[in-house]
Amino acid sequence: DQSFPQKRRCAFQVTAQNQEYTAVGNVSGSVQLCEKTQCCVGYFLNVDGRPVVDVLACDIAEKSCPDATCKTQTRFNGQVLVCVCNTDLCNSNSNITWTLELEDPQPSYFVEDKPKLCSCQTTEPSEFHIDDIELQQIVGHGHFATVWQGKYKGSTVAVKVFPVGWKQKFTAEKEVYELPLMNHAGIVRFLGSGSKPDGRSCLIVLQFAECGSLHSYLCKHTTNWMLTLKLCQSLSQGLSYLHSDLKKHGVHKPPVAHRDFSSSNVLVRADGTCVLCDFGCSTILRSCSGNHSWQSHITNMEGHAQLGTLRYMPPEILEGSVNLSSSRCLMQGDIYALGLLLWEIWMRCSDLFEGGVAPQHLLPYESELGANATRDSLIQYVFQLEKRPAIPKHWELLPQGSVLQELLTDCWDCDADARLTVECAVDRLLSFQSCYFP
Ligand SMILES: Nc1ncnc2c1ncn2[C@@H]1O[C@H](COP(=O)(O)OP(=O)(O)OP(=O)(O)O)[C@@H](O)[C@H]1O
């Protein structure tokens, strides 16, 4: 008899905010059978010096978990405790070794002077042993950084390397990743940061997204309706989480506007879900007055300048007619880009095209304005003529054609105030689940 490796069993307990863990293995009572990994995790919030369970589950993705027992480490100024382990039920409360250190952990690589405009809480950098990272091959080039596939203690990771001249970008991006409660299935997992020993570059270490950017994924693959839904739902949920203002047991995650939301800045994981990345242009919205008046927190040199990829810029920002220090404008800009991304995904869904043959992948406005659309051509087409990417005529005949069309037009409306909120976009996309597609 061939004996198959046994699936890992982990203690299971999650709060409503952490439902993504439910999908990583069958749950029976308080035990979960892991489908994706051999690692169990425990996340605990430090409430008045006592650990309160936030998540006990199988880990969401394969990564290194060399320890047989769960030994907690503190994160976010000691507000959160985390442990990962590799034996059955090692994450159950009774098997955990607690290290409730309430002092700030000392960053091991560098200390930077971070301007604090408000008295809002930020977090200390995670410790990362840069010497243990092996860079293997380049997987992406952006304007500011080169992204490598690498190995860290046996796990595959992505390492974003910024030349020292772009330290400002590095700092701005790291600041977003290090916000409290940034751990979400729709946002690429931040593993740590540091600088190379020669001091010539700074590194951000991230979970590796096996299928690369959404743009490269759509160039190579068409998807069926179910996979299309998975991409769109996870995409909108990631953006919704980024925009959310969360307070959990005294820890605060302020809303963040992405400001460079494009198919190159979304990654696709092996399970067909999207994760958001590249927060180098993002704005953290701090509430300095303690009430609901949000203020953009300038994290980079450009401050409130126009940022992002031209093609995905909403008409009002292209044209320069809005106040970029308004948080509402920045969020509405992300929703416009969400509309363009949904269009890109749906245009590669084989179930939405006759004979199951979707056209080649095109960027928004690529067929109308070419691969190098200029600002002037975009202003004219998108702002003055109020044109949008073409929605195939035959979608009107599909049972769900009208809901797809409505969602797109409600995301990329010319009137920014009339655009959907991201929560509303998430709800609509979740309601598509039950739609019938032949
Ligand atoms: N975690 C990851 N896993 C796999 N590939 C990644 C990862 N992060 C980035 N990449 C690849 O590297 C590319 C560039 O990454 P990123 O957008 O973060 O860099 P950037 O220099 O900030 O780019 P931009 O020019 O958009 O500002 C992505 O489009 C993607 O192909």
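1. How do the residues of the shell around the ligand divide into nonpolar, polar and charged? They come as nine nonpolar, seven polar and three charged; here Ala, Val, Leu, Ile, Met, Phe, Trp, Tyr, Cys and Pro count as nonpolar, Asp, Glu, Lys and Arg as charged, and the others, Gly among them, as polar.

2. A word on the model before you read on. It is a predicted one, in which local features need pLDDT of at least 70 and side-chain atom pairs count only at pLDDT 80 or more, while totals for chains, interfaces and linings use all residues. Residues are numbered from 1 along each chain as its sequence is written, and side-chain values use heavy atoms, with hydrogens and water left out.

3. Now to the ligand's neighbours. The ligand is surrounded by 19 residues (a heavy atom within 4 Å), and the closest are His-143, Lys-160, Ser-264, Asn-265 and Asp-278. Strands S11 (133-141) and S13 (155-163) each give at least two residues to this shell; strands are DSSP runs of E with at least two residues, and helices are runs of H or I with at least four, numbered from the N terminus.

4. Take a look at the N and O atoms next. At Gln-207, a backbone N or O atom is 2.9 Å from a nitrogen atom of the ligand. On its own the ligand has 620 Å² of accessible area, and the protein covers 91% of that (Shrake-Rupley method, 1.4 Å probe).

5. Where does the ligand sit? The space it takes is the second largest pocket, meaning that more than half of its atoms lie within 2 Å of the grid points. A pocket is an open set of points on a 1 Å grid over the protein atoms alone, with protein on both sides within 12 Å along at least five of seven lines; lining residues have an atom within 4 Å of a point.

6. This pocket holds about 890 Å³ of space. Among its 39 lining residues, His-141, Gly-142, Ser-264, Asn-265 and Asp-278 lie nearest its centre. S11, S13, helix H1 (167-177) and strand S15 (201-207) each supply at least two lining residues.

Note on methods
A polar contact is a pair of N or O atoms within 3.5 Å; within protein, one must be able to donate a hydrogen and the other to accept it, and residues adjacent in sequence count only if both atoms are side-chain atoms. On a 1 Å grid over the protein atoms alone, a cavity is a set of points where a 1.4 Å probe fits but cannot get out, and a pocket is an open set with protein on both sides within 12 Å along at least five of seven lines; lining residues have an atom within 4 Å of a point. Grid points are joined across faces, edges and corners, and a volume is the space filled by probe spheres set on the points.
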